[in-house]
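Subject: Structure handover

Hello,

I am passing a structure on to you. Please open it first, then read the notes below.

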Amino acid sequence: MTQEDVARAVGVSRTLVSFAFRGAPGVSADMRQTILDAAKQLGYRHNAAAADLASKRASAIGLFLLDLRNEVYADIFQGVREAVGEARNRLILSVSQSTGEIDRGSVDSLIEARVGIIIAATLLDSDARVRELAASVPIVNVTRRVAGVDSVYSDDWAGARAATQHLLGLGHTRIAHVTATQYEGHEGRRRSYIATMENAGLAPEVVIADDYTQQAAERAATVLLNGTDRPTAVFAHNDEMALGLREAGYAAGLSVPEDLSIVGYDNSRIAQLHGIDLTSVDMQARELGRGAGAAALNRLATPDTPVVDRCTEPRLIVRNSTARP
């Protein structure tokens with residue numbers, strides 16, 4: 001079944017049918033609905049990929065997510081979907097299968113699908129390599145800033161400072177930070193924690209896990225929390241790692257927050273659950289997704305538009321996982 005068949009059934013030109021499917025101007029709302037109803041009755045399905053090839057203009061949006069196990073990426077996805085929901089652009093999802101550098105396979109799958117732009121949350125690689133990739137297909141970075149490339153991100157420095165100052169304000173002096181291997185563009189939280197501790201005249205203690213997951217944080221915290229001079233508070237790079245610290249603390253016979261205060265980052269759904277009640281920094285992931293989706297649509301519509309550099313202000317949400325030492 002082709003557009004010619006739909007046009008013949010309705011009694012209009014194939015060009016008008018094409019306009020109706022693309023949502024282009026020049027077709028009344030009633031006529032567009034008539035065309036869509038006829039297409040449905042005939043069993044015609046619009047081939048968006050073929051339409052892109054015919055128009056020599058890619059309209060699909062690729063969405064790269066680093067890790068679906070981390071709920072912050074589900075929030076970003078929801079925000080992107082809300083932003084592009086009213087548009088007729090296809091949204092094609094690809095999830096990383098590796099950690100470390102850019103997952104070339106997952107990114108290449110989007111390029112091979114002939115997307116017009118990639119929303120990337122989050123690329124683990126140098127700024128130079130991200131710019132190199134952006135030279136072949138436009139990119140909107142989410143959760144990190146890359147100069148010269150569209151970026152929608154949260155102020156990690158401010159968020160980490162708020163988390164550390166919260167623990168200092170409660171009276172903690174032995175505060176550790178648990179993170180993982182740092183990549184260019186993702187060092188703000190660690191650097192801010194170190195600076196805040198040093199400004200308070202205290203020695204920072206950074207523990208490097210082998211991944212950003214709950215299990216990796218639990219392994220890294222086992223030695224940290226069983227030492228003779230263990231910290232009374234820990235600031236985790238994200239909520240997943242904070243949960244690993246919580247489990248490691250319980251395994252060491254510690255109570256949260258009586259023996260150990262824990263602060264996470266992301267304010268994910270699980271942080272808000274009763275019984276978890278995790279103090280966490282809200283970077284408004286869903287709003288970041290909406291901003292990235294809007295930036296992608298704007299870039300597709302106006303390729304020469306100035307580079308987007310949008311930074312949002314995070315806020316600390318205090319719950320029951322922190323208390324005075």
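Start with aspartate 67. It sits in the loop that links strand E1 (61-65) to helix H5 (71-84). Please keep in mind that this is a predicted model.

Is aspartate 67 buried or exposed? Its relative accessible area is 15%, so aspartate 67 is buried, the cut-off being under 20%.

Arginine 69 meets aspartate 67 in two ways. First, the backbone: the nitrogen of arginine 69 is 2.9 Å from a polar atom of the aspartate 67 side chain. Then the side chains: those of arginine 69 and aspartate 67 form a salt bridge, at 2.9 Å from N to O. Side chains of opposite charge can pair when their charged atoms come close. The accessibility of the partners is worth a look. Arginine 69 has a relative accessibility of 55%, so arginine 69 counts as exposed, which takes over 50%. Aspartate 67, at 15%, is buried.

Next, the strands. In which sense do strand E6 and strand E7 pair? Strand E6 (residues 175-180) and strand E7 (residues 205-209) are parallel, with five bridges between them. Within this pairing, histidine 177 of the chain is opposite valine 206 in E7. Helix H9 (residues 188-199) belongs to the picture too. Together, E6, H9 and E7 form a β-α-β unit, and the unit is right-handed.

Back to salt bridges. How many are there? The count is 17. Here are some of them.

- Aspartate 210 and arginine 219: their closest N and O atoms are 3.0 Å apart. Both aspartate 210 and arginine 219 are exposed.
- Glutamate 247 and arginine 246: the side chains meet at 3.6 Å, N to O. Glutamate 247 has 32% relative accessibility, so glutamate 247 counts as partly exposed. Arginine 246 has 16%, so arginine 246 counts as buried.

Best wishes

Note on methods: Residues numbered from 1 in each chain as written. Predicted model: local features only at pLDDT ≥ 70, side-chain atom pairs only at ≥ 80, totals over all residues. Heavy atoms only, no water. Helix = DSSP H or I, 4+ residues; strand = E, 2+ residues; numbered from the N terminus. Buried < 20%, exposed > 50% of the residue type's maximum accessible area, 1.4 Å probe, protein only. Polar contact = N/O pair within 3.5 Å; in protein donor to acceptor, adjacent residues only side chain to side chain. Pairing = 2+ DSSP bridges. Right-handed = clockwise from strand over helix to strand, strands pointing away. Salt bridge = Lys/Arg side-chain N within 4 Å of Asp/Glu carboxyl O.
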